[in-house]
Amino acid sequence: SIAETSLSVPIMLVTCEDPEVDLFHLLLHGGIKSEPGEGFESLGRNSIRLRIPSPEKLEEFNTCWKELLKRF
């Protein structure tokens, strides 16, 4: 799930429904940097804060994201 934010906010909160998933490390091993949710009140290891990539890095991000999704 992805939390709603304003169009002017380049960060999104992403949470996996399974509380046992370590979303930060899963994405990190897939080449995607994020901020672990455990550092924020009421969030766990199944949540991350993800900064939207700049336009020049968006293609690289999309490639990493698609490769990561193939694992599931």
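The legends below describe close-up views of a predicted model.

View 1. Read from the N terminus, the elements follow the order β-α-β-β-α. The C-alpha trace spans about 35 × 30 × 15 Å along its principal axes. The radius of gyration is 12 Å, which agrees with the value near 11 Å that a compact globule of 72 residues would have. Of these 72 residues, 24% count as buried. The accessible surface of the chain is about 5500 Å², and carbon and sulfur atoms account for 56% of that area. Among contacts between residues at least 6 apart in sequence, 52% join residues at least 24 apart.

**View 2. The open sheet of three strands.** The strand order is β1-β3-β2, and the pairing is antiparallel. Strands β1 (11–15) and β2 (35–36) stand at the edges; each has a single partner strand, so one side of each lacks a neighbour in the sheet. In general, strands of a sheet pair through backbone hydrogen bonds, in either a parallel or an antiparallel manner.

**View 3. The pairing of β2 with β3.** Strand β3 covers residues 47–51 and runs antiparallel to β2. Two bridges join this pair of strands. In this view P36 stands opposite I48, a residue of β3.

**View 4. V9, in the segment before β1.** V9 has a relative accessibility of 38% and therefore counts as partly exposed, since the partly exposed class lies between the buried limit of 20% and the exposed limit of 50%. V9 and R51 are 42 residues apart along the chain, and their C-alpha atoms are separated by 9.0 Å.

View 5. The relative accessibility of C16 is 25%, so C16 counts as partly exposed.

Technical notes: Residues numbered from 1 in each chain as written. Predicted model: local features only at pLDDT ≥ 70, side-chain atom pairs only at ≥ 80, totals over all residues. Heavy atoms only, no water. Pairing = 2+ DSSP bridges. Helix = DSSP H or I, 4+ residues; strand = E, 2+ residues; numbered from the N terminus. Buried < 20%, exposed > 50% of the residue type's maximum accessible area, 1.4 Å probe, protein only. Rg over C-alpha atoms; globule rule 2.2 N^0.38 Å. Contact = heavy atoms within 4.5 Å. Areas by Shrake-Rupley, 256 points an atom, 1.4 Å probe, with all protein chains shown as cover.
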